[in-house]
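Reader: I'd like to learn how the labels on a structure get decided. Can we go through one together?

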Amino acid sequence: MRSTATNYGSAMARIGAIIAPAIAGLQIIHPSVPYVTFSALSFVSGLLMMLLPETLKAKLFEGMEEANEFTVFNPGP
């Protein structure tokens, strides 16, 4: 689970590194456009992180078997 999240974060970082020069090139429209774009994306990611559940002192799954068993009995929304 954690390695999947780490890999997903790494992939998003690489996509961001690919897109960053294009966003920086938006300064031909107006000098503040790249700053506003990066700020807005940071703000949205911060808001999305607030939706993650708190795991402090929570029992986490030891393996995929436990996670699959939990999913069977707690299907979610």
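Reader: How far apart are the end C-alpha atoms of residues 35-52, and what percentage of the span is helix?

Author: They lie 27 Å apart, and the span is 83% helix and 0% strand. Helices are DSSP runs of H or I with at least four residues, strands are runs of E with at least two, and both are numbered from the N terminus. This is a predicted model, where local features need pLDDT of at least 70 and side-chain atom pairs count only at 80 or more, while totals for chains, interfaces and linings use all residues. Residues are numbered from 1 along each chain as its sequence is written, and side-chain values use heavy atoms, leaving out hydrogens and water.

Reader: What makes isoleucine 19 partly exposed?

Author: Its relative accessibility is 41%. Buried means under 20%, exposed means over 50%, and partly exposed is in between (1.4 Å probe, protein chains only), so isoleucine 19 counts as partly exposed. Isoleucine 19 lies in helix H1, residues 2-24.

Reader: Why is the pair of phenylalanine 61 and phenylalanine 70 called tilted?

Author: A search of the whole structure finds one aromatic pair. The ring centres of phenylalanine 61 and phenylalanine 70 are 5.3 Å apart and their planes are at 50°. Rings of Phe, Tyr and Trp (its six-membered ring) pair if their centres lie within 6.5 Å; planes under 30 degrees apart are stacked, over 60 edge-to-face, and the rest tilted. So this pair is tilted.

Reader: What about phenylalanine 70: buried or partly exposed?

Author: Partly exposed, because its relative accessible area is 42%. Phenylalanine 61, at 39%, is partly exposed too.
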